[in-house]
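Please keep the structure open and follow the points in turn.

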Amino acid sequence: MTETLTAPEPTKSRRGIPAPIAMLAELTHRCPLSCPYCSNPLEMVRRDSELSTETWADVFRQAADLGVLQLHLSGGEPAARRDLVDLVRAARDAGLYTNLITSAIGLTQKRLAELDEAGLDHVQLSLQGTDAEMADRIGGYQGGFKRKMQAAQWIVEAGFPLTLNAVVHRQNLHQLPEAIEMAVQMKARRMEVAIVQFHGWAMLNRGAMMPTREQAQEAGRIVAEARERLKGTMVIDYVPADYHDDYPKRCMGGWGTTGLNITPDGLVLPCHAAQTIPSLTFDNVADRPLAEIWYEGAAFQAYRGTDWMQEPCRSCERRTVDFGGCRCQAMALAGDPAATDPVCIKSPLHHKVVEMAEAFSEDEETPLTYRVNA
Amino acid sequence: MPDSALPAEAVPVIPRGVRLHHDHVRDGWVLLAPERTIRLDPIGLAILRQIDGTASLGQIVATLAEAYDAAPEQITGDVDAFLQGLMERRILEVRP
């Protein structure tokens with residue numbers, strides 16, 4: 001997800017900490033699909049631990065008071081929540097811009113009409129492949145593609161602005177031009193092309209999904225050409241393959257500066273993968289006001305700003321450009337969440353990432369490991 | 001800069017999924033759109049407030065020129081650049 005502001009961050013903040021703009025609400029970890037790159041944690045929250053409708057509504061109000069403008073309703077599959085329409089209504093009542101991130105499995109025409117009436121602003125539809133064979137194999141759900149295409153038509157007919165979100169990797173990158181064409185045909189205003197980011201379940205699938213360097217470069221060229229050709233018709237946001245990059249991404253726009261994430265059972269995370277950092281502890285919305293968690297919570301304070309940095313980040317001219325990259329990736333690849341993201345060319349481990357990316361991208365044997373529901 | 005100016009009779013429309021919103025925490029106006037939050041300066045806000053789905057670009061320019069006591073030619077350039085910038089990002093539409 002991307003956030004852009006055309007003006008500098010305004011002044012009203014506590015002790016120099018800006019208020020968050022975006023909140024990702026993982027309403028549930030349940031999902032009919034089992035995508036091998038799912039960003040949910042390996043240990044998922046069970047249904048009986050999920051927050052109630054009333055608690056979510058309260059969290060939405062607290063978020064709006066704190067300064068959140070954009071709410072992303074996600075999962076798992078958010079349509080698996082029976083109270084989705086009530087949750088959308090509560091979010092709109094709180095004054096939030098409400099975005100549904102969905103596979104569309106479980107969305108009927110009737111339900112879409114109810115979501116429309118409740119004030120849903122925008123739908124973001126995931127795409128696993130451009131045909132049933134690919135999409136159903138990657139999603140691990142027979143018949144899913146057909147249902148998704150039907151739902152896409154209903155979404156557009158209902159008048160919702162649509163973003164098509166294509167997650168691409170070694171197995172389906174050859175379908176990227178067709179995916180862009182599909183988005184145009186669907187009349188999507190916006191498309192996200194994201195090369196798989198290796199967190200969550202995707203970490204188990206690096207051998208099966210890592211793109212080759214040539215594929216990653218080709219994807220960049222295809223997106224650049226399509227952006228130019230489709231100017232004024234469709235906007236394309238692009239998440240490149242970071243194992244093949246020279247510099248890491250500015251994760252979450254900077255730790256604890258832009259966005260926050262709520263798990264199905266109410267934990268407040270600085271990013272969706274933060275639970276992979278064992279030294280962090282997370283507050284729950286049931287125990288503490290959201291504003292206090294954002295401004296004072298230990299997990300948010302841990303990697304805010306630049307004080308936590310080590311060399312080579314500490315003296316690097318890019319330290320406030322990318323903030324040392326992704327903390328979860330530093331944990332996963334360097335074993336130290338305060339290390340320089342090893343994707344960075346200045347990291348002593350960079351050459352290992354390059355070798356690893358190459359080895360994974362040549363792996364022709366490892367099968368897909370699908371996500372498994374709790 | 002866009003290649004050509006919008007015609008005066010074009011009617012700008014804020015499409016569904018795009019909303020003007022007062023950000024009470026940061027004390028300013030923003031345009032909320034899919035995955036985008038655009039902070040508005042007073043000029044952008046003044047332009048957007050004239051868009052009601054019926055007023056043409058020419059009418060909007062005339063209204064703003066009078067309100068700000070400025071030459072319509074100068075206002076036209078500002079409005080055109082602002083609107084076309086939003087159109088490129090699919091945040092605004094025009095009816096011919």
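1. Start with helix H2 of chain A, residues 84-93, where Leu84(A), Val85(A), Leu87(A), Val88(A), Ala90(A) and Ala91(A) are buried. Keep in mind that this is a predicted model. What do the buried residues of H2(A) pack against? Their partners in chain A are H1, strand S2 (70-74), strand S3 (97-102) and helix H3 (109-118). Just after H2(A) comes Gly95(A), with a positive phi of about 95°. As background for reading such a helix, an α-helix has 3.6 residues a turn, so residues three or four places apart point the same way.

2. Just after H4(A), a positive phi of about 65° is found at Gly140(A).

3. The largest nonpolar core has 75 residues, and Met23(A), Phe60(A), Leu115(A), Ile262(A) and Leu290(A) have the most contacts inside it. Helix H1 of chain A (residues 53-66) gives this core its largest share, 7 residues. Another core lies apart from it and has 24 residues, including Ile38(B), Val61(B), Leu86(B) and Met87(B).

4. Which residues is Leu290(A) in contact with, leaving aside its neighbours within four places in sequence? They are Met23(A), Val59(A), Gln62(A), Ala63(A), Leu66(A), Leu260(A), Ile262(A), Val268(A) and Val285(A).

5. On chain B, please look at Arg90(B), in the loop between helix H3 (72-88) and strand S5 (93-95). Is Arg90(B) buried or exposed? Arg90(B) counts as buried because its relative accessible area is 17%, and the cut-off is under 20%. Its side chain makes a polar contact of 3.4 Å with the side chain of Glu93(B). Leaving aside neighbours within four places in sequence, the contacts of Arg90(B) are Arg189(A), Gly232(A), Thr233(A), Met234(A) and Val235(A).

6. Back on chain A, Pro342(A) sits in the loop between helix H11 (327-334) and helix H12 (350-361). This proline is buried, with a relative accessible area of 1%. Pro342(A) and Ala330(A) are 12 residues apart in sequence, yet their C-alpha atoms are 6.3 Å apart in space. Beyond four places in sequence, Pro342(A) is in contact with Gln329(A), Ala330(A), Leu333(A), Ala334(A), Ser347(A), Leu349(A), His350(A) and Val353(A).

7. How many cavities of 30 Å³ or more does a search of the whole structure find? There are 5. The largest cavity holds about 90 Å³ of space. Its lining includes Tyr247(A), Pro248(A), Cys313(A), Cys316(A), Arg318(A), Arg319(A), Asp322(A) and Cys344(A). By class, that lining has 6 nonpolar, 2 polar and 4 charged residues.

How values were computed. Residues are numbered from 1 along each chain as its sequence is written. Chains are lettered from A and ligands numbered from 1 in the order in which they are written. This is a predicted model: local features need pLDDT of at least 70, side-chain atom pairs count only at pLDDT 80 or more; totals for chains, interfaces and linings use all residues. Side-chain values use heavy atoms; hydrogens and water are left out. A nonpolar core is a set of buried Ala, Val, Leu, Ile, Met, Phe, Trp, Tyr and Cys residues joined through side-chain atoms within 4.5 Å. Buried means under 20% relative accessible area, exposed over 50%, partly exposed in between (1.4 Å probe, protein chains only). Helices (H or I, at least four residues) and strands (E, at least two) are DSSP runs, numbered from the N terminus. Contact means heavy atoms within 4.5 Å. On a 1 Å grid over the protein atoms alone, a cavity is a set of points where a 1.4 Å probe fits but cannot get out, and a pocket is an open set with protein on both sides within 12 Å along at least five of seven lines; lining residues have an atom within 4 Å of a point. Grid points are joined across faces, edges and corners, and a volume is the space filled by probe spheres set on the points. Ala, Val, Leu, Ile, Met, Phe, Trp, Tyr, Cys and Pro count as nonpolar, Asp, Glu, Lys and Arg as charged, and the others, Gly among them, as polar. A polar contact is a pair of N or O atoms within 3.5 Å; within protein, one must be able to donate a hydrogen and the other to accept it, and residues adjacent in sequence count only if both atoms are side-chain atoms.
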